[in-house]
Amino acid sequence: MILDGMDQSKTNLPNTKLISKSTSSLWRLRTHITGVILHTKAPCGKLAYCFVDLIQFPHDSNLTLTVMINVLVDFAKSHHLPEVLYVQMDNTCRENKNRFVLTFCAILVKLNVFRKVRT
C-alpha cells in the first residue's frame, strides 16, 4: 500500500495552467487529495484509490487511518488479504509515521488480520 497526499496548492479549483493578473486574486476552492496504490496478486495487479476532501478534516493521523481502513475494507470485500501488509508513506510524523498509525498496524497483527505489517 502506497499512500500519499498531494500538494494543496496544485489541487485548488479552478486549476488553470496560467494565472493572469486579473485572475490571480480570485477565490479558489481549497481541496486536498490523498491517493493510494495497492499492489495486489489479483489479475489487475494494482488498484488505485483517490480520496478528496475540501479541507474539512485536519490532515493528521486520523485522516491517514481513515484512508487506510477504507482501502483495506474495500479490498477485503472482493479479495483475500495477504499475510503481510507492506505500507509505504512519507516520513512525516504529523500524518503518517507516529504512534497512532504504528499502533493501528500493531492492532491489525494482534487481531490476526495480517501476520505482519512492514513500513
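**Exercise 1. Work out how the strands β1, β2 and β3 are arranged in the sheet.**

Solution. Three strands make up an open sheet, ordered β1-β2-β3, with antiparallel pairing. At the edges you'll find β1 (2-5) and β3 (46-53), each with a single partner strand, so one side of each has no neighbour in the sheet. From one strand to the next, the twist averages 15 degrees.

A few ground rules: this is a predicted model, where local features need pLDDT of at least 70, side-chain atom pairs count only at pLDDT 80 or more, and totals for chains, interfaces and linings use all residues. Residues are numbered from 1 along each chain as its sequence is written, and side-chain values use heavy atoms, leaving out hydrogens and water.

Strands (E, at least two residues) and helices (H or I, at least four) are DSSP runs, numbered from the N terminus. Two strands pair if DSSP finds at least two bridges between them.

**Exercise 2. Find what joins β1 to β2.**

Solution. Step one: β1 and β2 (residues 32-39) run antiparallel and are joined by four bridges. Step two: look at Gly5, which stands opposite Thr34 in β2.

**Exercise 3. Track down the salt bridge of Glu83.**

Solution. Start with the rule: a side-chain nitrogen of Lys or Arg must lie within 4 Å of a carboxyl oxygen of Asp or Glu. That gives a count of one salt bridge. Glu83 pairs with Arg115, their closest N and O atoms being 3.0 Å apart. The two are 32 residues apart: Glu83 sits in the loop between α2 (61-78) and β4 (84-86), Arg115 in the loop between α3 (99-110) and β5 (116-118).

How values were computed:
Axes fitted to C-alpha atoms, helices over the stretch in contact; angles between N-to-C directions.
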